[in-house]
Structures are given as structure tokens and as C-alpha cells.
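Subject: Two-chain model for your review

Dear colleague,

I am handing over the structure below, and I would be grateful if you could read the notes that follow with it open beside you.

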Amino acid sequence: MEHMIDIVTVLMMGTSLAVFGLRQYKLSILAYSLQTLLLVTVFLLLHVKYGAHELLIWSATAFVMKVVFVPLYLLRLVKKLGVVVEDEPVGGFFISPVVALSFSLAIAMMFYKVFMHFSLFQDDLPLFAASFIFMMGIFGFVLRNSFIKQILAYCLFENGIHLSLALMAYNSHELVEVGILTDAIFAVIIMSILAKRFYTTYGSLDTSKAVNLRG
Amino acid sequence: MDSLVLILIVPFVFGAIMFMMPLQFKVLQNTHILLSVIVSAILLSAVGKVVEGNELSFFHHYLFLDSLGAIFLSLIAITGLLVNIYATTYMKWELEDGHISLKEVKNYFALSFIFTWTMSLSVICNNIAFMWAAIEATTLASVFLVAVKKDKKSTESGYKYIVLCSIGLAFALYATILLFSAGNGKVDGEAMLYTNLLAHAENIDGMALKLVFIFALIGFGTKAGLAPTHTWLPDVHAEGPAPTSALLSGVLLKCAMLGLIRYYAIVANGVGFDFVQTVMLVSATLTLFIASFFLIRQHNVKRMFAYHSIAHMGVIAFGLGVGGAIGLFAALFHCAAHSFTKALAFCSTGNIAKIYGTKDMSKMGGMIRIAPLTAVLFGIAICSLVGVPGFAIFVSEFLIFKAAAIDGQYLLMGIFALALAIIFIADFSHFFLATFGKVEGEVVHNSEMKLSENLPLIALAILIVTFGIWQFDSFTLLLNESVKTIMKQ
């Protein structure tokens, strides 16, 4: 069981690099869906290992909302806009994943031991993965110029937080998870509406063109 | 029915009702004013109960209203009501000028109730995760109050707002999770509840609390406009409609600051006040000087006030940094003083934009002759913002000096005075540019607004002056009780 959880969380880290680095929107969204499916698997494994019944409900809600709804919504957005490949990120397609990967690994290395000290579940690799995925999301916002890639970056760091929540605070009231998840879903919907509007006004999803308000 | 239940339900229901209203401006206007009055009455009745000495709680203490929350709830009620009334006038002008459609006006009014609902929720949450969710929801509810139009600038401001605030608040969520797990088993009762965490803060690991506070400062500080993560604020406040800017600056920033103050209280009582005060002073000084530097360069009146918002968040942070009973009292008083002042400032920019058809102050001038009442109201806002005696903000800034002097922190007094002096010079030069002299650009509306249209602004001006010269016992009671809660006295 121990190894199973570790293997799945390592796979989650791999998929976060895929979400970040894949140039085709469709593939990137599918990688996100796969990552969330792995997250659901971690919830189920933690439930089996520790008998945490709360995580059974969490896995069901996460499956419906994040494995199915969010990817479908984003795929529909990409299809509607007729975009296929993302705009050139900061530092280019090769440099930006390398920068994100190395810095995320370093920062996760720093933080996971602190989290480990207070975590309800003392699983070191999943805690490390949670911090890593969170940081990959943050770097996604900083380094990727495409609006849709930034929405996916939001989804990434939300997955990192969701995993942290399961490891560190699974026994909090069920409404806590519902509240956080609802916020995340609404954020994705609102960002998607803005992305559509952005594409209409700028003729592109490249957010580096948004420079009208400097000063 | 319980006051907290009403707060939980009514603004949301009113938002839904507004969405379903017919597309007739008069109906929308009157309904918006009527429902806003009802919401404010509900909020103020809850505040009144706290003033009488009751602490309200509901749903296993997940929702509560203490004296600290009551201060901020009263700001939502009073500032929110006056700005919402002014919004009906502003939207009428926008509609007449063809800048906005009737459907967009209806959506705007409906969303402003949802926005009020999320802000009220953030104030009454005892569960720190709910509080985080409510503060994040304030961003989601207000994005389309900012990005009302569908042009490039409006879209860009909406994009920057949601992206930067979401990133910032993600750190606050980490702070929430870490605080819960560090407090789990160390506090009596549920470790998600602010009251439990505060009551047993000394049992929680000190290193964890320090990390929690840094994360909370990044998270809630981003939303509150503290440097260096303030960059969304000038763009968003400058680009949104005047009433939206007034609500964001006058109320929303304070709700985020309340989130930070709650973490400040827990961490200060866990690891001692020195740590949180030092961190707040660093953040405040950085914020004050960055804001004053950019303030001097601004000619766009709304952008100038946006940098002012950042500067005054720095003042609140400075009050928390100086600390002690007087410093905390001053910081909380400043929240109210700045709320009224900035609401008046941004609403008067609505009048000014109507007169000149521009927000560029270098193209204004002679406002005192064209619209004397607007010029006086604008002047009152400026006088309060720079801390002229007799206006609300002077009280809190004076108290911060007093707190620093009592503590013998003369260097801090010097830093604070220098920052305020820069703000003073920048503001008055801009004020004279717009108000006196000859008109540099064109005048689109060559007369004063109707008295009825200026009434909410006059009410805000009266509040600014009365809070500057008068002590309201009930409000002082709330402030004193809040200080005692934070210091656990």
C-alpha cells in the first residue's frame, strides 16, 4: 500500500510537468484530467490505508467535478475558440519547463519537511508531491503566456492544495472541502469567460499583450 | 430569525431577485436602493446586538460575530449602502452616454448584492477555511463588477484581478491548512475555529505559527494591496466604474485586512507580539514608500486614489506593526476612516469624469467654478486622505504617532512622517491642478450634479468630518473590545 501511494504521487508529479509543458491545449487538458484521476486514486488509497471515510466522499466529488467537468469545460472552450497550440511562453518552450521543474523541486524540498512535522498522515513523498505540484502551478502562471495555460496552472496548484488538504486536514468539516472546491470550479468558469473575452478583444490568448494599463 | 442566518441568506436572495427584474431602469434603480437599505438594516441590527454585549454564533460556532467582525460589518453596511445608492446615479449616466446597456446595469446591480454577500460572509466566518473561501469568493463575485465593459482595458483589468488575487490567496489557503494541522490536538475543540485557535494559541508550535503568518501575509496581503504583491490594485481600481472602485477600496480591502488581523492575533498570542509587529513593519514601510513614489507620478485621478488605497493599507499595517493597545486601536479606526474617505474619493471621481469626460487631472481645472459642491467633496476626501486635523484619518494617524512615541520608537515616527509628507505634497499638488486655475481640457458637463445625486457623497463627507471631531461611544466600545480580544486581555 505504501508503495502504491508513492508510485501514484510520483505519477502525479510527472503529469504536472505534462500539463505545464505540452504545447497542444487538448493534450495538456487531458494530462490535467489524468492527474486528477491519480489524485482521486491517492484519496482512495489513503482511505484504505488509514480508514479515513471522509476521503471516500472527497474522491467522489473530485472525480465528478475535476476529472470530468473541468476538463470537458476547458475542451469545449478550446474548441469554441478554435485554438490548438499555445503561445510562446516566457523564455521559450524548452527553458520554461526546466526553470519551473528545478525551482519547484527546490522549493518543495524546503517546505515538505515542515509540513511533515504537522501532517495528520506522515507520508513523505505525497507531501513532497503536493508542494511540488502547487509550485508548478505558481510557475505556470509566471512563465506561460497563454491564458488557457494559466487556467490550467490554476487547476494545477489547486490540485496541490487539494492533496495537502487530504494529507494534513482530512478530518476537517466536509463543508470545508466543498467550499474550497466550489470556489475553484467557479474560478475556472470565470477565468474561461474572461479568456473568451480576451481572445475576442486581443485576437489572441497571449497575455503578454495585456499592457494597456501600465503606469 | 437569527441575524447571522439573515446575513447568510438575504443578500444572496436579493442578488437572485435583481437578476430576474425586468429591463426598466426606474424599476431597477428603485429596487436596488430599497434592497440595499434592507441589507444594510440587517447588517446593522447584527452589529447593534454585538454593541449590546452579545456575541452572535450559529451552526456549531462556524459563523459568529464578535466585536472585531462587527466593525467591518458596519463598514459593509454603511459604506456599502451609500456607494450602492450612488451607483444608481452613476449607472444612469453611463446608460445615457451609451457606455453600457440596460442588461449590463441589471447584472451590475445583481452582482453587487452577491459581492456584499461574500464580503459579509468573510466577516462572520469563525471557521478559518470558510473565511478563506469567502474571501476568495469576493474576488469571483467582483470580477464582472470591474470588467463591466468588453474593451481591452476592462478585460485586462479583470484578467489581472482574478489571476493575481487567486495566486496570492492560494498562499493564504496553505496558511489555513498548516494552521489547522499545527493546531489539531493542541487546542480544545475543533482546530478550524478561529476562537479555539486564539484561545489556545500558546499551545501551537511557534515555528509553524511563524510560517503560517508569512503565508497569510502573502495571501491576504495580496488581496489587501500590501507591497510587493499590490500590482493588481492600481489597474483594477483605476479601470472599474467609480462605485466599484469605491466598494473595492472602501470595503473589500478591509475584509482582506480582517483576515490578516485574525491571523495576526493568533500568531501574536502564540509566539509573542514582537515577531508579527516586525513583519508588519517591514511590509508597511515597503508599502508606504512604494505607494507614495508612484502617487507623485500619477495624473489619472482614479489611479492616484488607487495608489492611495495601497498607501493607506500600509498605514493600517504600520499601526499593527507599532502595536500595543493604542497602535491596534489606531489600525482598526483607520479601517473605518479610510473606508468612508476612499468611498467619497472614488465616488467624487464619478462626478469629475462626468464633468470633464476624462480622468486625466492635467486636463481639468476650474472645478470650483463649474461644480462647487463636487469640488468641496473632492477637497474633503483629499484633506482626510492626507491627514488634515478635523478629518477622520487624522485621528488614526495621530494615534499611530502617539503609540510609537509612548514606546520610544522615534525612528519609526520619522519613517512614518516622511511617507506621509510625500503623500501630502503629491495630493495637494494634484488637488490644486484639478480644482483651481483655468480649464486645460474640455468641459463635457458644465454644471453641478443634482443635489439628490450628490446626497450619498454628502453623507460620506459628514461621516468623515464627524469621525474626525467626535467620538461615537458604541464604535469606540467595539474598537476597545476588539483590541482586548487581539491582545487577549
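This is a predicted model: local features need pLDDT of at least 70, side-chain atom pairs count only at pLDDT 80 or more; totals for chains, interfaces and linings use all residues.

Residues are numbered from 1 along each chain as its sequence is written, while chains are lettered from A and ligands numbered from 1 in the order in which they are written.

Chain B

Under that assignment chain B has 19 helices and two strands. The C-alpha trace of chain B spans about 65 × 55 × 40 Å along its principal axes. The radius of gyration is taken over C-alpha atoms, and the globule rule is 2.2 Å times the number of residues to the power 0.38; for 489 residues a compact globule would come near 23 Å, and the 21 Å of chain B agrees with this. A residue is called buried if 20 or more other C-beta atoms lie within 10 Å of its own, exposed if 12 or fewer do, and partly exposed in between, with C-beta atoms placed from the backbone; of the 489 residues of chain B, 64% count as buried. Two residues are in contact if their C-beta atoms, placed from the backbone, lie within 7 Å, and among the contacts in chain B between residues at least 6 apart in sequence, 79% join residues at least 24 apart.

Ala227(B) and Pro228(B) are joined by a cis peptide bond, with omega about 5°, and Pro228(B) sits in the loop between helix 8 (206-224) and helix 9 (232-239) of chain B. Phe59(B), which is not a glycine, has a positive phi of about 55°; Phe59(B) lies in the loop between strand 1 (56-58) and strand 2 (63-65) of chain B, and with 16 C-beta neighbours inside 10 Å it counts as partly exposed. His61(B) lies in the loop between strand 1 and strand 2 of chain B, has a positive phi of about 65° although it is not a glycine, and is partly exposed, with 16 other C-beta atoms within 10 Å.

Chain A

The secondary structure of chain A comes to seven helices and zero strands. For its 215 residues a compact globule would have a radius of gyration near 17 Å, and chain A agrees at 17 Å; its C-alpha atoms fill a box of roughly 50 × 35 × 30 Å along the principal axes. Buried residues make up 52% of the 215 residues in chain A, and residues 24 or more positions apart account for 73% of its contacts with a separation of 6 or more.

Helix 3 (residues 54-81) and helix 7 of chain A pack at an angle of about 5° with their axes 11 Å apart, where axes are lines fitted to C-alpha atoms, for helices over the stretch in contact, and angles run from 0 to 180 degrees between N-to-C directions. That makes helix 3 of chain A roughly parallel to helix 7 of chain A, a description that applies to angles under 35 degrees. Among the residues that make the contact are Trp58(A) and Leu77(A) of helix 3 and Leu181(A) and Tyr199(A) of helix 7.

The interface

Between the chains, 35 residues of chain A are in contact with 36 residues of chain B. Helix 4 (92-118), helix 5, helix 6 (147-169) and helix 7 (174-202) of chain A are the elements that give two or more residues to the side of chain A that touches chain B, and the largest share, 13 residues, comes from helix 7 of chain A.

With best regards

How values were computed: Helices (H or I, at least four residues) and strands (E, at least two) are DSSP runs, numbered from the N terminus. Angles under 35 degrees count as roughly parallel, over 145 as roughly antiparallel, 65 to 115 as roughly perpendicular and the rest as oblique.
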